[in-house]
Amino acid sequence: MAEEIIAYRFERLDQTLSQLNQENCTIIAGGTDVMVLHKSRRGVPPKIPRPVVFIDHLPELKRVYPNGKDLHIGACCTYSELLEEPLIPVALKQAIKTIAAPAIRNRGTLGGNICNASPAGDTLPLLYVYNAKLLLRSVSGERTVGISDFIQGVRKVQREPNEMLIEIILPSVLEEGTQVVFEKVGNRNADAIAKVSFAGFIKTNGDRIEDVRFAFGAVGPTMVRSLDIEKMLYGKTIPLAAADITQVVSAFEKRIKPIDDQRSTAVYRKTVALNLLRYFLSLKPKQSY
Ligand SMILES: Cc1cc2nc3c(=O)[nH]c(=O)nc-3n(C[C@H](O)[C@H](O)[C@H](O)COP(=O)(O)OP(=O)(O)OC[C@H]3O[C@@H](n4cnc5c(N)ncnc54)[C@H](O)[C@@H]3O)c2cc1C
C-alpha cells in the first residue's frame with residue numbers, strides 16, 4: 001500500500017514561506033529531479049521523507065522582466081515558458097533546447113536546475129558566465145547571493161530550510177556588445193545528460209577584450225571557472241595570438257580534474273573541454289558567434 005505524505009499547495013507566497021519556517025519541507029517546483037531522487041521500484045510511488053510543498057503555481061516565481069539592463073527570471077518559469085519568452089538570451093535558449101525532451105521541459109524549471117546543483121546541470125555554465133545573482137526569500141527577509149557562492153558542491157547549496165529561491169538575476173545581460181556561446185557534448189543533441197558542457201562570454205571594445213568569462217560543466221563537482229585565468233586576456237586584441245590561446249588552455253589544463261563515470265572517461269572529458277575552450281578563443285567575435 002502507498003504511504004501517505006503530507007503535501008501543501010498554498011495560494012500565496014507568504015503562506016508558503018510561513019509553512020517553510022514552521023516545518024522542514026521538500027520544495028517541489030517541476031518535480032523532475034525530486035521524483036527521480038526519491039524514486040522507488042517500478043510501480044511503487046516515490047518515497048519522500050518530508051512533507052512536500054508545491055511552489056510551481058506562485059505568480060511571483062513565474063515572472064520575467066527587465067530592470068534597467070538586468071534581466072529577472074522567476075525561479076519557477078519552466079523551460080518551455082522560457083523558450084517562448086523574447087527577453088531570454090539566445091544562448092540560454094540554445095542550452096534549454098538541449099535539455100531532456102518536451103515533456104520534461106514543460107515541467108522542469110530554471111530554479112530547480114540551480115537548486116538541484118548537479119555538476120551536469122545544463123543551464124549552470126551559462127549562469128556562471130552571466131554572473132547570475134540569486135534572490136532568496138524567507139519570512140525574515142530577502143538576500144541576494146552569487147551563483148558560485150550558492151552552489152557549494154554536488155547537490156549542495158547554501159540555502160536555509162526556510163528560504164526559497166525567488167528570482168535569478170542576470171546582470172547587464174540586456175546590454176549590447178557581448179557575445180555568449182554554449183556547447184554541450186552528450187550522446188545525442190537533446191535528451192542526453194552532458195558529458196562536458198562549456199559556456200563562453202566575451203565583451204569587446206573594437207578589437208580589445210574588455211571582459212571574457214568561461215565556465216565548464218560536468219568536469220568537476222561544481223562548474224569550473226577561474227577569474228585569474230580570464231584576467232590574463234583582458235586588454236588583448238582579437239583575433240587572439242596563438243601564444244595567448246595556448247597559455248590560457250595550458251592554465252586550464254591544470255584546473256580541470258574530471259572523473260570517469262558511466263557517461264564518459266576523465267581523459268575524454270578533459271580533452272573535449274580544452275578543445276572547446278581553444279575553439280572559443282579562436283573565433284572572431286561578431287563575425288562567427
Ligand atoms: C528524463 C529526465 C531528463 C533530464 N534531462 C536533463 C538535461 O538534459 N539537462 C539538465 O540539466 N537536467 C536534466 N534533467 C533534470 C531536471 O529536469 C532539471 O534539473 C530541472 O531543471 C529541475 O527542475 P524542477 O523544477 O523539476 O526541479 P525539482 O525537481 O522540483 O527540484 C529540484 C531541487 O531544487 C529544489 N527547488 C526547486 N525550486 C526551488 C526554489 N524555487 N527554491 C528552493 N528550492 C527549490 C527542490 O527542493 C529540489 O531539491 C532531467 C530530468 C529527467 C527526469
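Biologist: Over how many bridges do strand S6 and S7 pair, and in which sense?
Modeller: Bear in mind that this is a predicted model. S6 covers residues 133–138, and across from its Leu136 you'll find Arg143 in S7. The two strands pair in the antiparallel sense, over 6 bridges.

Biologist: Okay, and which strands stand at the edges of the sheet?
Modeller: The sheet is open and has 5 strands, with antiparallel pairing in the order S4-S5-S10-S6-S7. The twist from one strand to the next averages 25°. Two strands have a single partner each, so one side of each lacks a neighbour in the sheet. Those edge strands are S4 (64–67) and S7 (141–146).

Biologist: What angle does helix H1 make with S10?
Modeller: H1, residues 13–22, packs on the sheet and touches both S6 and S10 (164–170). Comparing its direction with that of S10 gives about 120°.

Biologist: Which element gives the largest share of the largest nonpolar core?
Modeller: That core has 57 residues, and the members touching the most others are Ile73, Ile114, Leu126, Met164 and Ile168. The largest share is 6 residues, and they come from S10.

Biologist: From which domains does this core draw at least three residues each?
Modeller: It's the core in which Ile73 and Ile168 are among the members touching the most others. The domains it draws on in this way include domain 1 (1–54) and domain 2 (178–282).

Biologist: How many residues are in the second, separate core?
Modeller: Its members include Val181, Phe214, Leu233 and Leu277. Leu277 is also one of the buried residues of H11. The count for this second core is 28 residues.

Biologist: What covers the buried residues of H11?
Modeller: H11 runs over residues 266–282 and reaches 24 Å from its first C-alpha to its last, close to the expected 24 Å. Its buried residues include Ala266, Val272 and Phe280. The cover includes S11 (178–185), S12 (196–205), S13 (208–217) and H10 (242–255).

Biologist: Which residues does the cis peptide bond join?
Modeller: Look in the loop between H9 (227–231) and H10, where Pro239 lies. Omega there is about 0°, and the bond joins Ile238 and Pro239.

Biologist: Ala117 has a positive phi; is Ala117 buried or exposed?
Modeller: Its phi is about 50°, although it isn't a glycine, and it sits in the loop between H6 (110–116) and H7 (124–129). The relative accessible area is 1%, and the cut-off for buried is under 20%, so Ala117 is buried.

Notes. Residues numbered from 1 in each chain as written. Predicted model: local features only at pLDDT ≥ 70, side-chain atom pairs only at ≥ 80, totals over all residues. Heavy atoms only, no water. Pairing = 2+ DSSP bridges. Helix = DSSP H or I, 4+ residues; strand = E, 2+ residues; numbered from the N terminus. Axes fitted to C-alpha atoms, helices over the stretch in contact; angles between N-to-C directions. Contact = heavy atoms within 4.5 Å. Core = buried A, V, L, I, M, F, W, Y, C linked by side-chain atoms within 4.5 Å. Buried < 20%, exposed > 50% of the residue type's maximum accessible area, 1.4 Å probe, protein only. Domains from an automatic or database assignment. Expected span 1.5 Å × (residues − 1).
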